[in-house]
Amino acid sequence: MLVADSRIKRLQVAVISCAFRCCLLSLFCLVCLSVHAATLEYTVSGLQGKTERNVLAFLGPAPQTNPERLNFLVSARSKVEQALQALGYYQPIIDLQTQRSEPVWQLEIAVDLGEPVRIRDISIVFLGSAANDEAFTELLGNTNLVSASVLNHGKFDAFRKRVLSLGQQRGYLDAEILQSRVAVRADAGTADIEFTYDSGKRYRFGEVVQNEALLNRELLDALKPFQQGDFFDQARLREYQNNLQRTGYFSSVIVQPLRLLARQDEVPIEVKLHAANSHSFDVGIGYSTDTEERVSLTWRTPRINRYGHSQVTRLQYSPVNPSGRFTYSIPVYDPLNDVVQLWARTEENEYGDLDSQQDELGIRREIRKGQWIYGYSLRDLNESWEVLGVNSNDEYLLLGGSLSGRVQSGSLVNPASGFSQLYTLEAGNEQLGSVVDLLRLTAEFRVVLTPWPRQRFVSRAEFGVVEIANGDRFELAPSLNFFAGGSQSIRGYAYQSLGNEIVVDEGNGRTKTLVVGGDRLVTGSLEYQYYFTDVWRGALFVDGGDAFDEGEFDANYGVGFGVHYITPVGAVRVELANSVSDENPDWYLHLSIGAEF
């Protein structure tokens with residue numbers, strides 16, 4: 001019994017202790033809540049629109065402590081006056097009524113705006129070279145300051161900032177404001193504006209001074225959007241910095257005028273360049289339904305020498321098409337717009353029922369002019385494959401040209417609208433190193449439209465024709481034929497599974513159908529996308545077309561749906577498609593990442 005009583009007493013003590021702690025915790029929470037509760041609530045009446053918004057902005061949030069409450073009451077009238085004067089109301093009637101009922105006081109602010117101050121005279125004078133500058137003349141015609149209009153100090157301040165900014169942008173590096181004044185006569189309800197800006201002389205671009213000889217002088221000059229002696233323009237200076245950064249040669253670029261070293265009216269331009277890492281390596285692991293799992297290694301040397309040479313070596317393994325490619329780039333005149341590329345490539349690939357081994361050497365010059373990119377190339381292709389039990393190994397020397405262009409708006413990786421086009425032409429001749437005379441032409445088009453919020457349409461089309469002089473199709477390598485199917489083609493079919501078919505006699509009365517590609521290609525796609533959020537969207541699509549020999553077109557269709565997740569490198573697309581034109585349709589899962597263009 002004594003033991004039982006002892007246990008009961010200990011239990012009672014524990015219960016009392018727990019209850020006491022809970023009370024302390026509750027009291028602490030109440031104290032914390034009271035500390036952070038408002039000590040005054042206020043309302044503003046008699047105002048609307050921008051006057052109300054400005055007064056509320058000047059007053060700020062309700063006070064949270066007693067000292068803050070006192071300060072708020074003392075300064076409330078002056079803050080309301082300042083807020084209204086900024087918008088031209090200098091004679092308002094402000095009535096403050098305070099109810100001091102604890103714990104939260106109530107403040108009622110009633111305002112009668114009265115008549116506003118209106119602008120009477122405006123005197124804006126530009127001195128120096130800016131007086132004859134068209135940009136300043138245009139600015140003067142768009143001041144937003146009009147006689148007889150209600151005075152708005154914000155508009156005048158914005159005008160002053162625009163003048164100063166324009167002066168810096170256009171090279172008036174010695175400019176100063178001689179007079180900036182708003183003379184208000186509140187009793188008369190008028191205000192006079194006086195503003196005088198002396199631009200001084202307009203500077204011109206001087207010589208470019210490079211901190212280190214990291215880049216050949218000719219290439220450095222080719223990237224300049226200005227010449228020495230041109231009028232200084234801040235926008236062109238930023239463009240120059242962007243051009244240098246886009247080359248990839250440098251880890252950082254700083255371009256700035258050396259005002260203190262200006263001679264006469266020319267200001268030198270200093271270019272501070274910091275070299276990018278000599279080498280970089282990227283390792284990638286991924287999966288796509290077309291090429292299955294893959295591992296890649298990319299080695300880049302962004303600037304081999306001061307002439308801007310660079311190289312990229314990429315090795316990739318996947319069960320479907322392991323490959324390796326080495327590309328050496330040499331700027332001709334402009335590293336951004338005129339480059340020669342030398343490359344070597346080896347690749348295995350599956351084209352229909354043909355396994356191909358390709359080894360290639362090539363040279364290409366690429367020239368960019370505005371929205372257009374022109375390319376000229378010469379490549380030597382050695383390709384081996386097997387068909388009908390016959391091993392083939394042929395050589396092709398192909399002279400080619402390409403033309404591409406793209407316009408788009410919005411994000412680079414997820415544009416709201418755009419149109420891209422690509423045309424390629426290649427020719428080979430038996431007398432010039434090819435096993436057969438051939439002419440190969442392709443055209444690709446992509447369109448993106450967002451006609452309504454959250455609704456996006458994507459369409460693409462691809463066409464191809466290859467002509468052989470003697471008509472012997474078996475002398476044409478698989479990579480020069482056309483195939484369809486896969487995530488970038490007709491999504492209801494496996495990767496490159498559509499093409500011209502031949503029937504092979506396997507003996508014993510059995511035959512086998514082989515897909516060997518076609519000399520014609522026509523494919524198209526239409527996709528509707530709906531954004532559930534800014535980064536998630538659904539898609540419905542239909543693809544169609546065929547890879548076929550001339551006169552044997554047989555339409556194949558695939559329909560499907562998908563879910564896309566938008567990332568900084570493009571959309572991650574998970575899609576299911578069905579080959580509805582087959583007698584035994586199959587579902588195909590496609591995984592891919594990247595932009596439409």
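Predicted model: local features only at pLDDT ≥ 70, side-chain atom pairs only at ≥ 80, totals over all residues.

Colleague: How do strand 12 and strand 13 pair, and over how many bridges?

Modeller: Antiparallel, over seven bridges. Strand 12 covers residues 310-317, and strand 13 covers 323-334. They form a hairpin with five residues between them. Gln-316 stands opposite Ser-323 in strand 13.

Colleague: And what does strand 13 do with strand 14?

Modeller: Strand 13 and strand 14 are antiparallel too, with ten bridges. That hairpin has three residues between its strands. Phe-326 faces Ala-344 in strand 14 as its opposite residue.

Colleague: How many bridges join strand 14 to strand 15?

Modeller: 14, and the two run antiparallel. Strand 15 spans residues 354-369. Glu-347 sits opposite Gln-358 in strand 15. Two residues separate the strands in this hairpin, and Gly-352 has a positive phi near 60°.

Colleague: What about strand 15 and strand 16?

Modeller: They pair in the antiparallel sense over 13 bridges, with strand 16 at residues 372-387. Here too, two residues lie between the strands of the hairpin. Gly-370 is in the turn, with a positive phi of about 65°. Glu-366 stands opposite Gly-375 in strand 16.

Colleague: Switching to charges. Which residues gather in the negative patch on the surface?

Modeller: Glu-292, Glu-293, Glu-348, Glu-350, Asp-353, Asp-355, Glu-386, Glu-501 and Asp-554.

Colleague: Which elements give two or more residues to that patch?

Modeller: Strand 11 (292-301) and strand 14 (338-351). As for Asp-554, look in the loop between strand 24 (536-548) and strand 25 (556-567).

Colleague: How many salt bridges does the structure hold?

Modeller: 25. Some of them are linked: Arg-345, Glu-347, Glu-360, Arg-379 and Glu-426 are in a network of salt bridges. Glu-347 came up above, as the residue opposite Gln-358.

Colleague: Which residue does Asp-133 bridge to?

Modeller: Arg-202, with the closest N and O atoms 4.0 Å apart. Asp-133 is in the loop between strand 4 (118-127) and helix 4 (134-140), and Arg-202 is in the loop between strand 6 (190-198) and strand 7 (204-210), so the pair ties together parts that are 69 residues apart in sequence.

Colleague: Are Asp-133 and Arg-202 buried or exposed?

Modeller: Asp-133 is buried, and Arg-202 is buried as well.

Colleague: What is the N to O distance for Asp-519 and Arg-520?

Modeller: 3.6 Å, in a salt bridge between their side chains. Asp-519 is buried, at 12% relative accessible area. Arg-520 is buried too, at 11%. The cut-off for buried is under 20%.

Colleague: And Asp-121 with Arg-120: what is the distance there?

Modeller: Their side chains meet in a salt bridge at 3.7 Å, N to O. Asp-121 is partly exposed, at 44% relative accessibility. Arg-120 is partly exposed as well, at 41%.

Colleague: Now the backbone. Where is the cis peptide bond?

Modeller: It joins Glu-102 and Pro-103, with omega about 5°. Pro-103 is in the loop between strand 2 (93-99) and strand 3 (105-112).

Colleague: What is phi at Gln-264?

Modeller: About 55°, positive although Gln-264 is not a glycine. Gln-264 is in the loop between strand 8 (250-257) and strand 9 (266-275). Its relative accessibility is 72%, so Gln-264 counts as exposed.

Colleague: And what is phi at Arg-454?

Modeller: Near 70°, again positive in a residue other than glycine. Arg-454 lies in the loop between strand 19 (438-452) and strand 20 (455-468). Arg-454 is partly exposed, with a relative accessible area of 38%.

How values were computed: Residues numbered from 1 in each chain as written. Heavy atoms only, no water. Patch = residues over 30% accessible without salt bridge, like charges linked within 9 Å, V, L, I, M, F, W, Y side chains within 5 Å. Areas by Shrake-Rupley, 256 points an atom, 1.4 Å probe, with all protein chains shown as cover. Lys, Arg positive; Asp, Glu negative; His and termini not counted. Charge placed at Lys NZ, Arg CZ, Asp CG, Glu CD. Helix = DSSP H or I, 4+ residues; strand = E, 2+ residues; numbered from the N terminus. Pairing = 2+ DSSP bridges. Buried < 20%, exposed > 50% of the residue type's maximum accessible area, 1.4 Å probe, protein only.
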